[in-house]
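Subject: Model for your files, with notes on aromatic pairs and cores

Hello,

Here is the model we talked about. My notes on its aromatic pairs and nonpolar cores follow below it.

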Amino acid sequence: MRPKLSSALAILSVLLLVAVPLLFPADIANTLSRVLALALLAVSLDLLVGVSGMPSLGHAAPFGVGAYAAALVARDTTSFAPVPLLVAVVAGGLFALLTGVLMVRTKGTYFLMLTLAIAELAHVLAQRWEGLTGGTNGLYGIPSLTLSPGGEPVTLAGVRYWWILLIFLIGFAIVWWTSRSMLGRSLRGLRDNEERMASIGYSTFGLKLAVYGIAGAVAGAAGSLWVAQNRFVSPEDLAFEVSAMALLAVVVGGRGRLWGAVLGAALVTIVRDDIGASLGGRGPLLLGLVFIAAVYLLPHGFAGTNWRQLFTRRPQEDQA
């Protein structure tokens, strides 16, 4: 797609998202708020999976850590929106860095399984540490965010949606810039041939730890958006299902194409929560069928598919 056309479509998409509360009822804004929170998580995961070649099954861990951090600060200290957000970013990033020191020393299947193990440990810890996390009951009674210190809580779904959209756009821009910076080019080299990158003098450990920390910080921000919308967090927000949904969004959308992860997150959320609810709670089953169909029919995802070529009939060679 030509750069000018891509920029025009991006600007048009942002304008349409901004206009949602003005054109549609509050239910649509609430649904899109959940989509944007999952989309930011998926975009941060795509930085690992698509850009860096580091597939993770435990990305719910920094997401959940950020969500709990934001919820505790909002409940016990202040619900002034930037404060829980910044705490969640720091918490998610620090968690990723501390655990990443161990994990990024591995690769392939070992890395994949280690991320899953760390996430499951975090999940169990959230269930057992009742004094801090509320145990299996989770944390509730989280106040609505405020847009000024000591100000009135935000009760309008549209205003809350605009805040979530703003943070999503900032987070997306950070990941987009990272993927196109010198660091991003180095990460692509790492993805394609780690041994070659090491042989020419790059610190592969430092590169992987840096991108793991950045992805964790953005996932923490996504967790704070999830709390801002739902005003509730539980150990299930660190469960494998959340990591699987984010990875599914990346695969369906197209690995390495950040806007594809956003489309994948929208599809996953709507199919599981909205369409699935109308089918008697069969959302996970329907989501599995969508995943199978997407992998079989669109192996490169929505964003990676050449739609013109897909729908253009190839000329058949004349038979002798």
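Three aromatic pairs turn up in this structure, which is a predicted model. In one of them, F63 and W226, the ring centres are 6.2 Å apart and the planes meet at 65°, so the arrangement is edge-to-face, given that angles over 60 degrees are classed that way. Because F63 sits in helix 3 (residues 60-76) and W226 in helix 10 (residues 204-230), this pair ties together parts that are 163 residues apart in sequence. Both partners are buried: F63 has a relative accessibility of 3%, and W226 has a relative accessible area of 18%.

Another pair, F168 with F172, is tilted, with 6.0 Å from centre to centre and 40° between the planes. These two residues are both in helix 7 (residues 157-180), four residues apart, or about one turn of the helix. F168 is buried, at 5% relative accessible area.

On the nonpolar cores: the largest has 67 residues, and the members that touch the most others are L41, W163 and Y212. Helix 2 (residues 26-51) supplies the largest share of this core, 14 residues. Leaving aside residues up to four places away in sequence, W163 is in contact with A81, P82, L85, L145, L147 and L225. There is also a second, separate core of 14 residues, with A61, A122, A126 and L238 among them.

Regards

Definitions and conventions. Residues numbered from 1 in each chain as written. Predicted model: local features only at pLDDT ≥ 70, side-chain atom pairs only at ≥ 80, totals over all residues. Heavy atoms only, no water. Phe/Tyr/Trp six-rings, centres within 6.5 Å; stacked < 30°, edge-to-face > 60°. Buried < 20%, exposed > 50% of the residue type's maximum accessible area, 1.4 Å probe, protein only. Core = buried A, V, L, I, M, F, W, Y, C linked by side-chain atoms within 4.5 Å. Contact = heavy atoms within 4.5 Å.
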